[in-house]
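Visitor: I would like a brisk tour of this model. Please take it one question at a time.

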Amino acid sequence: MAELTYRDALNAAMCQEMDRDDSVFLMGEEVAEYDGAYKVSRGMLARYGDRRVVDSPISELGFAGLCVGAATAGLRPICEFMTFNFSFLALDQVINNAAKMFYMSNGQISVPIVFRGPTGAALQLSAQHSQACETYYVHAPGVKLVTPATPADAKGLLAAAIRDDDPVAVMEGELLYNVRGEVPDEEYVIPLGVADLKRSGGDVSIITHGKMVHVALQAATMLARDGIEADVLDLRSIRPLDVDAILETVARTNRAVYLEEGWPFAGVGAQIVALIQEEAFDDLDAPVMRVTQADVPMPYAKNLEQLAKPGARGVVEACRRVL
Amino acid sequence: MPQATKEMESRVSNGDRSGAAEEQDDAPVDIIEGFTRDALHGLLADMLLYRRFEEKAEEAYAIGKIGGFCHLHIGQEGLAAGAIRPLRADDPVITAYRDHTQAIAKGITPRAAMAELYGRVDGCSGGRGGSMHLFDPAVGFMGGHGIVGGQIPIGAGLGWAIRYRGDDQVCVCFMGDAAVNQGAFLESLNMSAIWQLPVIYVVENNEYGMGTAFSRVSATEMEARSGAYGIPAHTVNGQDVLETYRFFEDMAERVRGGAGPQFVNAETYRFRGHSMSDPVSGTYRSKEEVESHVQEQDPIRILRDRLMAADLLTQAELEAMDAEVRAVCEDAAEFADASPLPDPSTLYDHVYAEINEHGRLFLDGRGQGPGGTAGGGPAGGPGGTAGGPGGDTHG
């Protein structure tokens with residue numbers, strides 16, 4: 001175990017997979033000579049050369065589609081979006097091509113591709129650069145999605161995503177790149193579809209994913225001061241979804257709050273709430289609450305941004321309402 | 001020359017049709033532009049097959065055997081035969097939704113293509129794709145794509161994979177004339193030029209994007225569209241199958257040899273409406289315009305007349321050839337009609353290539369994945385990933 005930043009853990013995962021499989025390559029804006037807009041690919045150009053670490057033009061639709069095409073021919077591209085905000089330009093390639101090719105071709109053409117980059121808000125980047133993109137990706141059958149919250153999860157989930165035979169979106173967080181944590185040195189792969197109970201409480205379940213795991217843990221600490229012990233369940237993988245883990249924590253606490261960075265309408269939380277009421281209705285002692293970004297585009301002004309973002313206080317409030 | 005034409009002849013007669021004119025081993029060579037009589041008959045029979053196939057599809061559509069969108073290629077067969085028949089079996093071809101004849105030209109059987117149009121289990125996409133999504137990577141046919149221009153970056157990616165592996169295939173990426181107004185086209189051309197990808201981008205320029213004349217929505221001539229990226233532009237008469245064939249035969253070898261990406265403006269004309277819901281001439285082109293193209297620009301008539309004028313084709317031979325391809329299409333329709341609908345239990349098959357051991361992939365409570373009901377295990381086998389476009393046969 002070494003202590004690594006989340007950024008270096010992602011780098012370690014890509015190197016781990018590129019070392020073992022020549023069909024894996026990295027393409028995106030600024031990934032090579034610039035060492036990555038967020039330095040996630042630092043040193044990789046020197047290590048693998050420009051055949052496998054490739055600076056693309058600023059053409060999200062184009063290079064995402066090129067990577068999808070390369071995947072249909074059996075390569076395993078890692079397609080980096082500088083942020084997932086920019087990937088909206090590429091959504092036709094993600095949804096209409098990557099997600100559907102295997103089905104339309106009756107299982108003849110698979111698309112083993114990874115789309116990765118940061119999702120969600122950072123600090124005062126305002127509306128177009130501060131949005132959680134998870135829903136856009138998981139809405140379509142054919143895509144998988146993981147959202148690592150810790151350096152160890154970043155390494156293990158990205159490695160699994162690269163090995164997976166389907167399109168997998170790996171959504172990171174700009175504010176997570178500097179987070180440090182213990183990461184296994186050896187080859188490390190976390191299977192998709194396995195949630196992780198990041199904190200065991202028993203009074204209420206805070207279910208969440210990605211960057212919000214840290215907010216949830218903060219809220220749990222605040223609640224603990226008042227003697228309320230919360231489960232914090234990190235889904236890690238939104239699709240496939242660890243339904244058993246969700247039902248398990250709800251069965252234990254009978255109360256649940258979903259916390260996410262995205263908007264409420266048709267968000268990830270909406271799906272989880274639907275699932276809980278469909279499959280664990282009898283376990284519930286209170287309605288399931290959601291804590292989300294305010295239902296507005298992200299404002300720039302510091303105070304408004306603060307108001308729009310989901311935070312620990314809001315989670316504590318929601319937990320109190322279900323208790 | 002004889003050697004080259006022999007090789008070419010064997011490629012031309014290598015299709016799935018049961019061979020139109022193979023009776024004479026001692027056929028004279030260099031008859032028309034270096035094509036042997038057999039090769040010429042082969043190309044004519046190919047185009048006739050495509051024509052009759054789509055006429056059959058048209059009939060089947062009218063009686064409700066085929067549903068959804070159905071875009072006929074009738075009038076443009078010279079391109080399918082001329083651009084695809086010279087390729088190697090492992091050269092990937094990708095196109096948009098007007099894809100029936102390209103699919104057959106690349107090696108999908110009329111039976112498998114027709115069964116797909118019928119939405120049946122023996123279709124080349126198992127009934128999951130339909131008219132717009134014919135696929136068979138084993139013969140190098142990579143689809144069948146429904147979003148205008150959406151297949152162009154995929155074509156670039158197929159070229160990328162060839163270059164990445166150091167292979168020598170050539171990707172031929174078709175599109176309609178309207179697709180060049182999509183960003184996907186511009187972005188793909190730029191990347192192809194930067195990385196010198198072995199891709200031939202072919203515009204099937206039938207003058208209309210649906211009902212909009214190209215000249216109304218383009219600031220430049222078609223030939224000017226690739227110049228900004230330093231990609232050579234070529235114009236070919238797609239109604240002349242011999243010219244088209246020679247052009248692509250030569251171009252494929254040049255690109256194989258490292259010439260880099262190419263842009264081809266293939267002039268052609270669609271004899272039917274945009275789709276089955278659009279009448280033949282519609283509101284955007286006159287009956288006279290369509291009729292004059294049918295009379296003067298039919299690739300099949302052009303080749304037929306040329307062969308007859310050179311005494312290389314008799315009326316009896318033509319009739320026999322036509323009867324043969326009609327029988328093939330009749331058989332394809334019967335086969336399709338007899339083929340079962342896909343098994344309902346397979347609804348969730350092939351959504352994912354890998355059903356993960358943990359977690360739920362389907363959220364509707366029906367396709368449960370592992371331990372569930374209808375998930376369908378890790379499916380598909382090696383077809384897509386292992387072989388990639390092509391497989392190992394050579395034409």
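**The sheet of chain A**

Guide: A:Ile206 has A:Val232 as its bridge partner in β11(A). This is a predicted model, in which local features need pLDDT of at least 70, side-chain atom pairs count only at pLDDT 80 or more, and totals for chains, interfaces and linings use all residues. Residues are numbered from 1 along each chain as its sequence is written, and chains are lettered from A and ligands numbered from 1 in the order in which they are written.

Visitor: In which sense do β10 and β11 of chain A pair, parallel or antiparallel?
Guide: Strands are DSSP runs (E, at least two residues), as helices are (H or I, at least four), numbered from the N terminus. Two strands pair if DSSP finds at least two bridges between them. β10 (204-208) and β11 (230-234) of chain A have 5 bridges, and the sense is parallel.

Visitor: Which strands stand at the edges of the sheet in chain A?
Guide: The open sheet has 5 strands in the order β9-β11-β10-β13-β14, with mixed pairing. An edge strand here has a single partner, so one side is left without a neighbour in the sheet. The edges are β9 (196-199) and β14 (289-291) of chain A.

Visitor: What angle does α9(A) make with β11(A)?
Guide: Angles run from 0 to 180 degrees between N-to-C directions, and axes are lines fitted to C-alpha atoms, for helices over the stretch in contact. Contact means C-beta atoms, placed from the backbone, within 7 Å. Helix α9 (212-225) touches β9, β10, β11 and β13 (256-259) of chain A, and its angle to β11(A) is about 175°.

Visitor: Which helix lies across β10, β11, β13 and β14 of chain A?
Guide: This helix runs at about 175° to β14(A). It covers residues 312-322 of chain A and is α13.

**Helix pairs**

Visitor: Are α1(A) and α8(A) roughly parallel or roughly antiparallel?
Guide: Angles under 35 degrees count as roughly parallel, over 145 as roughly antiparallel, 65 to 115 as roughly perpendicular and the rest as oblique. Helix α1 (6-20) of chain A packs on α8(A) at about 30°, with the axes 8 Å apart. The two helices are therefore roughly parallel.

Visitor: How many nonpolar residues does the contact of α1(A) with α8(A) have?
Guide: Among the residues that meet are A:Leu10 and A:Met14 in α1(A), and A:Leu158 and A:Ile162 in α8(A). Ala, Val, Leu, Ile, Met, Phe, Trp, Tyr, Cys and Pro count as nonpolar, Asp, Glu, Lys and Arg as charged, and the others, Gly among them, as polar. The contact has 3 charged, 1 polar and 12 nonpolar residues.

Visitor: How do α2(B) and α11(B) run, roughly parallel or roughly antiparallel?
Guide: Helix α2 (37-62) and helix α11 (299-309) of chain B pack with axes 10 Å apart, at about 150°. That angle makes α2(B) and α11(B) roughly antiparallel.

**Domains and chains**

Visitor: How far apart are the centres of the two domains of chain A?
Guide: Domain bounds come from an automatic or database domain assignment. Chain A is divided into domain 1 (2-183) and domain 2 (196-322). Their centres, taken over C-alpha atoms, are separated by 26 Å.

Visitor: Which element gives the largest share of the side of chain B that touches chain A?
Guide: In this interface, 49 residues of chain B are in contact with 46 residues of chain A. β2 (141-144), α6 (151-165) and α7 (183-195) of chain B each supply at least two residues of that side of chain B. The largest share, 9 residues, comes from α6(B).

Key. Two residues are in contact if their C-beta atoms, placed from the backbone, lie within 7 Å.
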